[in-house]
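The following exercises concern one protein chain. Please work through each task with the structure at hand before reading its solution.

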Amino acid sequence: MQPEPMVRGRFAPSPSGRMHLGNLFCALIAWLSVRSQGGSMLLRVEDLDPARCRLSYEEQLEEDLRWLGLDWDEGGLSVGGPHAPYCQSLRTRCYEETFSLLQNQGLLYPCYCSRDQLHAAAAPHRSDGTQRYDRRCLALSEQERQRLAALRSPAWRLRVPDETFAFEDGCRGYCEANLETSCGDFIVRRSDGVFAYQLAVVTDDAGMAVTEVVRGGDLLDSTPRQLYLYRLLGATPPRFFHLPLLLSGEGRRLSKRDRDLDCGILRERFSSEELTGRLGFLAGLLPAPVPLTARELLAEFRWERIPRHDLIVPDSLFAPPNFSVLFTKST
């Protein structure tokens, strides 16, 4: 009997600002899952967007992760490893190889639509507001493409099949989506030449032999597209776990832009043990927000304890220590 392959998980933040509570929540759960299985942890920096990502943020996020008690076996700026580089901005050659492979299969076509044209010409919206591309550029003649190419650089889209992709999410359960009806042909390279998230993340996870992906529930809809890319690359997809999103009391997602409970603020209020205990309580791993280290929290980790629904963060849980309100867990 063949031994089970070692679990290889990763945390892949974008260095576009200081990490916030939701990023730390994801990092902790991803780390707990891998370490509870005796696996290997990777840190990959998703800095594809040169306008928003900075080296100073990359350095800060590594320091913040270590402060929280999280380590990694490969990646980042400081550790390295056999799959270097671990920064997406340095992996363009890998993405070009994937792009060429898809192009050789005849599955890519240029799209000259502006943002305004996309909004005007999009197929009817799904119930969640997502637009589906209507393939208007797929039908262009060669003469029309040459005329448009003289005016602007195209983005490149991947043609998707009329097929349902199903998977068992480790946190959310059974999920499925038909690519043609849910999203349509999606962009794999932007008009400015930057490779899109879907192509980059699949190229990286496949190339780095990642077997487990723990990430926020906002990326759940990306999974069917990525499963299609894995198939086209002839690669085995990882197992996916999509965590509940953390919401403010008004039901708004926490974001870096609004500096909602960013790591700098949290570090001023709490020790690393206090913050870990609060995160563990929010995740359903602890009956109360008692201080403890990430290593100590390992004994309490069970996937079945992690909620499937999004979580409203109680004001009392991450307020300054002198904010005297009884701890209550939101459901």
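**Exercises on loops, sheet and helix packing**

A209 is located in the loop that connects α7 and β9, where helices (H or I, at least four residues) and strands (E, at least two) are DSSP runs numbered from the N terminus. The model is predicted: local features need pLDDT of at least 70, side-chain atom pairs count only at pLDDT 80 or more, and totals for chains, interfaces and linings use all residues. Residues are numbered from 1 along each chain as its sequence is written, and side-chain values use heavy atoms, with hydrogens and water left out.

**Exercise 1.** Describe the backbone and accessibility of A209 and of R135.

*Solution.* Step one: A209 is not a glycine, yet its phi is positive, about 55 degrees. Its relative accessibility is 37%, so A209 is partly exposed; buried means under 20% relative accessible area, exposed over 50%, and partly exposed in between (1.4 Å probe, protein chains only). Step two: R135, also not a glycine, has a positive phi of about 65 degrees. R135 sits in the loop between α4 (115-121) and α5 (142-149) and is buried, with a relative accessible area of 19%.

**Exercise 2.** Determine the strand order of the open sheet and its edges.

*Solution.* Step one: the 5 strands follow the order β3-β2-β1-β9-β10, with parallel pairing; two strands pair if DSSP finds at least two bridges between them. Step two: β3 (74-75) and β10 (239-243) are the edge strands, each pairing on one side only. Step three: β1 (residues 8-11) is joined to β9 (residues 212-216) by 2 bridges, and R10 stands opposite V213 in β9.

**Exercise 3.** Characterise the packing of α3 and α8.

*Solution.* Step one: the axes of α3 (residues 92-104) and α8 come within 10 Å and cross at roughly 80 degrees. Axes are lines fitted to C-alpha atoms, for helices over the stretch in contact, and angles run from 0 to 180 degrees between N-to-C directions. Step two: α3 is therefore roughly perpendicular to α8, a class covering 65 to 115 degrees. Step three: T98, L101 and L102 in α3 meet L229, L232 and L233 in α8, contact being heavy atoms within 4.5 Å.

**Exercise 4.** Which residues form one aromatic cluster?

*Solution.* The cluster consists of Y95, F99, W156 and F195; rings of Phe, Tyr and Trp (its six-membered ring) pair if their centres lie within 6.5 Å. Both F99 and F195 are buried.

Methods. Angles under 35 degrees count as roughly parallel, over 145 as roughly antiparallel, 65 to 115 as roughly perpendicular and the rest as oblique. Rings of Phe, Tyr and Trp (its six-membered ring) pair if their centres lie within 6.5 Å; planes under 30 degrees apart count as stacked, over 60 as edge-to-face and the rest as tilted.
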